[in-house]
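This report goes through one structure part by part. The sequence and the structure come first, and the description follows.

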Amino acid sequence: MIDPPDNDDDSLRQRPRLSWHAGDMPYSEEFGDFYYSRADGRAECRHVFLAGNGLPERFAGKQHFVIAELGFGTGLNFIETWAAWENTAEKGARLDFHSYELRLLDRDDMKRALAAWPDLGSRAEALIAAWPDRPDGDVVIVFENCGRPASLHIHSGLALEQVTAAGFAADAWYLDGFSPARNPEMWSAELMEAVAKRTCVGGTFATYSAAGWVRRNLQAAGFTVEKRPGHAGKRDMSVGILAADPPVPGQTKPAD
Ligand SMILES: C[S@@+](CC[C@H](N)C(=O)[O-])C[C@H]1O[C@@H](n2cnc3c(N)ncnc32)[C@H](O)[C@@H]1O
C-alpha cells in the first residue's frame with residue numbers, strides 16, 4: 001500500500017517527494033526508486049557498505065578514519081556505521097563521516113523510516129533529536145559518547161559540485177545513489193573521478209550496483225574494481241581499491 005506524496009511548495013524546491021510503502025519504507029517519487037533494499041535495508045548496509053569496505057576490521061589500530069557517502073537519505077548507513085565504530089574502534093579514535101545529499105529529509109520523515117528498526121535504539125534517537133525539523137543547508141553533528149567521537153558532516157546540494165570542492169581524503173566510500181538507470185548523475189564519470197581524487201591511496205569503495213558502465217567509470221577514475229556476491233538474491237555488487245594516485249586526465253602513460 002503506497003501513500004501519495006505531499007505536494008506543498010517546499011517539496012518542489014528542496015525537500016524529497018516521498019511516498020511510503022507498507023508504512024515505513026520510503027520511496028522517491030522524483031527518482032522512482034526505494035531508498036534501500038525492500039528485503040532488509042539494514043542487512044544490505046552491513047553486507048554491501050561495511051563488509052564491502054572491509055569494515056569494521058579496518059577500524060583496528062586507527063586513531064582517525066574518514067568515510068564518505070553519496071546519498072545520505074534516511075541516515076541508516078550512518079547509524080549502522082557509527083554503531084560498528086563505537087563497538088570496535090580504539091578509545092579516543094575519531095570517525096569523520098561525510099555524506100552528500102541533494103534532498104534532505106525532514107525530521108518526521110527520517111523518524112518514520114528509521115522506525116522500521118526499533119533496535120537501532122539510542123543512536124537513531126540521537127540522530128533524530130539532533131536533526132533539524134526541516135533542514136535547508138549543510139548539517140554538522142558531533143556525537144561524543146563512548147570516547148570514540150563520530151562527526152557527521154552533511155554536504156547539501158549536487159554531489160558533483162560538493163565532492164569536487166571537498167578537502168579530505170576518504171579511507172572508504174559508500175556509493176549509494178538511486179539505481180544508476182534512474183539517477184545517472186550519481187554515477188557519472190566526472191563524479192567517480194572526483195571521488196577517486198578524494199580517496200587516500202589504499203582507500204576503497206563499495207556499492208550495491210554492478211552496472212557495467214558504472215564499473216567502467218570507476219576503473220577509468222583509477223580504482224581496481226571487483227565483483228562480489230550481492231545482497232538478498234542480487235547476483236553481484238562492486239567493490240574496489242585505489243592502489244595508486246588517480247590518473248591525471250590527458251596524461252599518457254610513459255612507454256615501457
Ligand atoms: C538510495 S538513497 C540513499 C540511502 C541512504 N544511504 C540511507 O542510508 O538511507 C539515494 C540518495 O541520493 C540522493 N541524491 C540523488 N541524486 C543526487 C545528487 N545529484 N546529489 C546529491 N544527492 C543525490 C537522493 O536524494 C537520495 O537521498
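## Arg42 and its surroundings

Arg42 belongs to helix H2, which covers residues 41–50. The model is a predicted one. Arg42 counts as partly exposed because it has 18 C-beta neighbours inside 10 Å, while a buried residue would need 20 or more.

Apart from its neighbours within four places in sequence, Arg42 is in contact with Leu76, Glu80 and Trp117. Leu55 comes 13 residues away from Arg42 along the chain, and 15 Å separate the C-alpha atoms of Arg42 and Leu55.

## The sheet

An open sheet is formed by eight strands, in the order E7-E8-E6-E5-E9-E10-E12-E11, with mixed pairing. Strand E7 (139–143) and strand E11 (224–229) are at the edges; each has a single partner strand, so one side of each is without a neighbour in the sheet. On average, and with direction ignored, neighbouring strands of this sheet are turned by 15 degrees against each other.

At one of these edges, E7 pairs with strand E8 (residues 150–156) in the antiparallel sense, over five bridges. Opposite Phe143 stands Ala150 in E8. Helix H8 lies across E10, E11 and strand E12 (236–241), and H8 runs at about 145 degrees to E11.

In soluble globular proteins, nonpolar side chains tend to be buried together. Here, the largest nonpolar core has 59 residues. Those with the most contacts inside this core are Ile67, Leu95, Ala150, Trp173, Leu191, Val195 and Phe205.

Helix H7 spans residues 189–197, and its buried residues are Leu191, Met192, Glu193, Ala194, Val195 and Ala196. The cover over the buried residues of H7 includes helix H6 (159–164), strand E9 (170–175), strand E10 (199–207) and helix H8 (212–221). Not counting residues up to four places away in sequence, Val195 touches Val163, Trp173, Phe205 and Ala221.

## Around the ligand

The ligand is surrounded by 22 residues, of which Gly71, Gly73, Thr74, Leu102 and Ala159 are the closest. Helix H3 (76–88) and strand E6 (94–101) are the elements that give two or more residues to this shell. By type, the shell holds 11 nonpolar, seven polar and four charged residues.

How values were computed
Residues numbered from 1 in each chain as written. Predicted model: local features only at pLDDT ≥ 70, side-chain atom pairs only at ≥ 80, totals over all residues. Near = placed C-beta within 6 Å. Helix = DSSP H or I, 4+ residues; strand = E, 2+ residues; numbered from the N terminus. Nonpolar A, V, L, I, M, F, W, Y, C, P; charged D, E, K, R; others polar. Core = buried A, V, L, I, M, F, W, Y, C linked by C-beta atoms within 7 Å. Buried ≥ 20, exposed ≤ 12 C-beta atoms within 10 Å, placed from the backbone. Contact = placed C-beta atoms within 7 Å. Pairing = 2+ DSSP bridges. Axes fitted to C-alpha atoms, helices over the stretch in contact; angles between N-to-C directions.
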